[in-house]
Amino acid sequence: MSADATIRSGVSGLPAPEIEPVATVLGKPLSECRVAIVTTAGLRPNGDIELWLDGTFTKLPAADRDLQLSHFSPNFDRAGLTQDLNVAYPADRLDELAAAGVIGSVATDHFSFMGAQTDGTFSTILQDTGPAAAQALLDDEVDVVLLTPV
Amino acid sequence: MSVLSHVFEQAGLATVGISIVRGQAESVRPPRSLYCEFPLGRPLGKPNDPAFQTDVVMAMLALLDRTDVPVLEDYPEIIEEQGSEASSCPLPPRHDPSLPAPIDELRGLRNAYERNLEATGGRTLVGRVAPVDELDTVIEKFIQVEAGTPLADVGWDEVSIIAASQDLRAFYEEAGLQLADNTGARQLLTWFYEATETGRLLVRVRDVLKAGREHKLAAMYVVPGTQESPA
């Protein structure tokens, strides 16, 4: 079994919060929607590469590509991100789709969390930092969020 | 990731996420997910392939119209990691026998690291606990920990030894990008931990930490959990 397969198998059975999914319905065409990326890759602006171990988030100015990986976990490939941020953080692809008129616009800021929380709980993200990030996105009139992990 | 989808949808934002672990998406049930069986760490599949990445993003956006949540669709292409075959990076010959082998090796890879630094416009993951010029000292501390010196006595705690291990891995992987063409998912990781003196040192330190039972966090994260100990 490959390393990735072993990890996938190991985390598949982890406890998960029971939340009934709801769907927000877009009230306008995608070509008029404002889109943001929220990644759990643990990216941070360059110069801020201390290890990240909690449920907080950071804003990533949408034009900023000088970003660093601060994720604590050694368990995934990092060389891909070293070569091309878009392999986990498709900011250039989003800019291109906006220029082509596929989406309406790109958010002022994207957001980064650190995935695979070490304490195994979700309360901070569910009750504090998740709603705070949602409000910041709404304040920027974002309609659509694309979520990317590592 | 999937939990955030719930929070955002409840706040009135439409979301679609990439899932990299299908079983996790099935249990957390985010509203809309595209399962991408790509190497972990590469959720858009292929670095430096804009067309492929755009296709993945378009597949995500196509799910936004779906209200029959939870939606969990599979991206039609699977990409396997290649960690069973290490990158074929040439290692420098022993230059200064008076130095510990990992330090001699690290110094021999410095030019390749600098070339990668230039290629990326100065972007590097080295520097969490020490700048590149001080990585010799980081290796010396790992050698001390392997010999049984307590973490506190080398000035580290559980988080800083993990960070230090990531500095060394970043140095080697960034140098390795300039030394081999076969740098697919996990290939540089395999090369570092199995072929280099410094990577093997980190694995031995992991085993020392694990045997000591005192630093469980460090023992878990100082090298990848799937990295086997040398026979």
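Predicted model: local features only at pLDDT ≥ 70, side-chain atom pairs only at ≥ 80, totals over all residues.
The C-alpha trace of chain B extends over about 65 × 40 × 35 Å along its principal axes. Chain B comprises 10 helices and three strands, and its elements follow the order α-β-α-β-α-β-α-α-α-α-α-α-α from the N terminus on. When contacts in chain B between residues at least 6 apart in sequence are considered, 63% of them join residues that are at least 24 apart.

Within chain B, the packing of helix H4 (residues 101-108) against helix H9 (residues 197-212) was examined, and the axes of these two helices come within 8 Å and cross at roughly 140 degrees. Because angles over 145 degrees would be needed for a roughly antiparallel arrangement, H4(B) is described as oblique to H9(B). On the side of H4(B), the residues in contact are Ala101(B), Pro102(B) and Glu105(B), which meet Glu197(B), Thr198(B) and Leu201(B) in H9(B). Divided by class, this contact of H4(B) with H9(B) has three nonpolar, one polar and two charged residues.

Between the two chains, 76 residues of chain A are in contact with 81 residues of chain B. The area buried between chain A and chain B amounts to about 6,700 Å², and carbon and sulfur atoms give 65% of that area. Of the area that chain A buries against chain B, 11% is supplied by Arg8(A), Asp77(A) and Leu147(A), which is more than any other three residues supply.

A helix pair also spans the two chains: the axes of helix H4 (residues 123-139) of chain A and helix H1 (residues 2-11) of chain B come within 9 Å and cross at roughly 50 degrees, an angle that makes H4(A) oblique to H1(B). The crossing in which H4(A) passes H1(B) is right-handed. From H4(A), the residues Ile125(A), Leu126(A), Gly130(A), Pro131(A), Ala133(A), Ala134(A), Leu137(A) and Leu138(A) take part in the contact, and they meet Val3(B), Leu4(B), Val7(B), Phe8(B) and Ala11(B) in H1(B). The residues of this contact of H4(A) with H1(B) divide into 12 nonpolar, one polar and no charged.

One of the residues of H4(A) in this contact, Pro131(A), counts as partly exposed because its relative accessibility is 31%. When residues up to four places away in sequence are not counted, Pro131(A) touches Ile125(A), Leu126(A) and Val7(B).

Elsewhere in chain A, Leu43(A) is placed in strand S2 (residues 43-45), and, with a relative accessibility of 0%, Leu43(A) counts as buried. Apart from neighbours within four places in sequence, the residues in contact with Leu43(A) are Trp52(A), Thr58(A), Leu60(A), Leu67(A), Gln68(A), Leu69(A), Leu81(A), Leu85(A), Tyr89(A) and Ser112(A). Glu20(A), which is 23 residues from Leu43(A) in sequence, is 29 Å away from Leu43(A) in space, C-alpha to C-alpha.

Conventions. Residues numbered from 1 in each chain as written. Chains lettered and ligands numbered in written order. Heavy atoms only, no water. Axes fitted to C-alpha atoms, helices over the stretch in contact; angles between N-to-C directions. Helix = DSSP H or I, 4+ residues; strand = E, 2+ residues; numbered from the N terminus. Parallel < 35°, antiparallel > 145°, perpendicular 65-115°, else oblique. Left-handed = near helix turned anticlockwise from the far one by under 90°. Contact = heavy atoms within 4.5 Å. Nonpolar A, V, L, I, M, F, W, Y, C, P; charged D, E, K, R; others polar. Buried < 20%, exposed > 50% of the residue type's maximum accessible area, 1.4 Å probe, protein only. Buried area = accessible area lost by both parts, 1.4 Å probe.
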